[in-house]
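Hi,

Here is the structure I promised to pass on. Have a look at it first, and my notes follow below.

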Amino acid sequence: MIRRNETRARHVMPLLLLGLAACATDAAESPDAAPGDAPLPEGVAELVLTNGRIVTLDGTNAAVSGLAAKDGRIAALGADEDVTGWVGEGTRVIDLGGRLAIPGFIEGHGHFMGLGNAQMILDLTTADTWDDIVDIVAEAAANAESGVWISGRGWHQEKWSTPPDPMVEGQPVHDGLSAASPGNPVILTHASGHASFVNGRALELAGIDAETPNPPGGEIVHDAEGRPTGVLRETAQGLARRVFNEEGASRSEAERESSAREQVRLANEDLLRKGITSFQDAGSGFGTVDLLKTLADEGRLPVRLYVMLRGGVEDLEGRLDEYRMIGYGDDRLTVRSIKQVVDGALGSHGAWLLQPYADMPSSTGLATTPPAEIERVARLAIAHDYQVNTHAIGDRGNREVLDLYERTFADHADLDDLRWRIEHAQHIDPADIPRFAHLGVIASMQGIHACSDGPWVMLRLGEGRARSGAYVWQDLMKAGAVVTNGTDVPVEDADPLASFHCTVTRLIEGGSTFFEGQGMTREEALHSYTRANAYAAFEEDLKGTLEVGKLADITVLSRDILTIPADEILETEVDYTIVGGLVEYSREN
């Protein structure tokens, strides 16, 4: 028997029982300027916070009023009089006016470059109907040079107010879109990232017709006459995306780097506005890591990144030792994990299920990567001391990953602190829930998904399967598993307050709740967004709590989300985002 529970217990402290009172006092900031370039004298802090409700999450139920930060670390915590002695010339002093300060939010699973890129293409998230999307593309095509690709992201057929007409399997066909953009190939990524919709010109350029076979792990959707509808599921997206990527490859190296740097800039700005101080990036290539390392050298990574490398054995072999880095650039960049993907998304019928979909009895989803291939990567990771984080959404996908993890662990029983993860773990067979704790596998979940997916999950699974296995946070925690939180941005907005709200309310569109008994308490939700995420990245000694010696990464909120009425959580704003003792974002500026 593999007893990884014992290791987990040594590293994860009990959840805090926080009893905090809200305070509505206006805050005032001292006129002192931010610290200059010269080092401050011994005993003088760069930043001092006073008069706050500072929740430390350090295991002592402590909520203090003052904090001092020096050299990027927390130097003192306690009452105001315990930290004011750190004030000197050049110290920035912020009177919090009773506001809540917490350990900086850690995004547990998102796509960093994807977040930046989503702000540079068509935003389809607000479209109410398919016709709205056609209109958006038509406007873009009217302003684009002929032949240039048009791209966008964020459509989701379950969120439209009326179904498309005509449609196949609940999704549109490309005729209307093709008529609106005859001279431009179009590729529109599903909100989940697990399907794309292309127009006729893109199908032509990609060589996709009625005779094109489905690639392994993907599906080209056809209408009753056998014509491609424009919907490409999972790996079938690659047929069009390869052609789309050729346009990007034709640009100069300087143009490509400029675009990538802009993605990084936009991502950082968005995250800092939302109180996020660390970000766990769920899959980037070696070239992206090279760029991020350069930006860390230039001091252009204000948000700390924990990057998962993506690729198969052939891509990774021979390069893992070179790219493994922990705390590079003043703890701005860490690379020590590998991302794998076993199945697709539930919304696009790509999640791999043990039983057929309730609304598509002909399908059990897709295995996007053979489990045997993931197991090869897992054994390579063991050899090079990498964590393995595998995307699995369906109950069959989760079981297959747990099985291959268990086989790998059994062959390396001397390694008892691997902290391998399953990313999403959205639908789990009840028999597999205890296995997460037994194996020490972290359930890297995204609270906001339960609320955004809730209205249609039962259509896919039926009520029985949804009740027993969908987004079962409490069942996992009661079994002893570590459950983390995030948004999967740009699948969802990166806003941790929206995800926190869903995590505690399970409130879905229309005012009903999605199996609210699986929701977390406020304290559990905060833990999942701070300490649990730090643990899932082997960073619990650096972040996730506010303690002397740890990184001075702090989020200050306009309201006390631990005590205010639940409906006020979404009205809460981020007032300050502090990374390494420096105010990287201030709502007041």
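**What I found**

F538 sits in the loop between helix 21 (531-536) and strand 26 (554-557); helices (H or I, at least four residues) and strands (E, at least two) are DSSP runs, numbered from the N terminus. Before the rest, the ground rules: this is a predicted model, where local features need pLDDT of at least 70, side-chain atom pairs count only at pLDDT 80 or more, and totals for chains, interfaces and linings use all residues. Residues are numbered from 1 along each chain as its sequence is written, and side-chain values use heavy atoms, with hydrogens and water left out.

With 21% relative accessibility, F538 counts as partly exposed (buried is under 20% relative accessible area, exposed over 50%, partly exposed in between, with a 1.4 Å probe and protein chains only). D385 is another non-glycine residue with a positive phi, near 60 degrees. You'll find D385 in the loop between helix 13 (371-383) and strand 22 (387-392), partly exposed with a relative accessible area of 46%.

There are cis peptide bonds to check too. The one from D165 to P166 has omega near 5 degrees, and P166 is in the loop between strand 11 and strand 12. The bond from V489 to P490 is also cis, with omega near 10 degrees; P490 belongs to the loop between strand 25 (483-484) and helix 19 (496-505).

**Rings**

Rings of Phe, Tyr and Trp (its six-membered ring) pair if their centres lie within 6.5 Å; planes under 30 degrees apart are stacked, over 60 edge-to-face, and the rest tilted. That rule gives 13 aromatic pairs. One of them is W130 with W160, a tilted pair at 5.9 Å centre to centre and 45 degrees between the planes. W130 is in helix 4 (residues 130-142) and W160 in the loop between strand 11 (150-155) and strand 12 (167-168), so the pair ties together parts 30 residues apart in sequence. Both W130 and W160 are buried. Ring pairs also link W130, W155, W160 and F197 into a cluster.

Some charges sit over rings (NZ of Lys or CZ of Arg within 6 Å of the ring centre and within 35 degrees of the ring normal). K293 lies over the face of Y328, 5.1 Å from the ring centre, and R506 over the face of W473, at 4.5 Å.

An open sheet of six strands has the order 4-3-8-26-27-28, with mixed pairing (two strands pair if DSSP finds at least two bridges between them). Strand 4 (63-64) and strand 28 (582-586) are at the edges with a single partner strand each, so one side of each has no neighbour in the sheet. Strand 3 (residues 53-55) and strand 4 run antiparallel, joined by two bridges, and V55 stands opposite A63 in strand 4.
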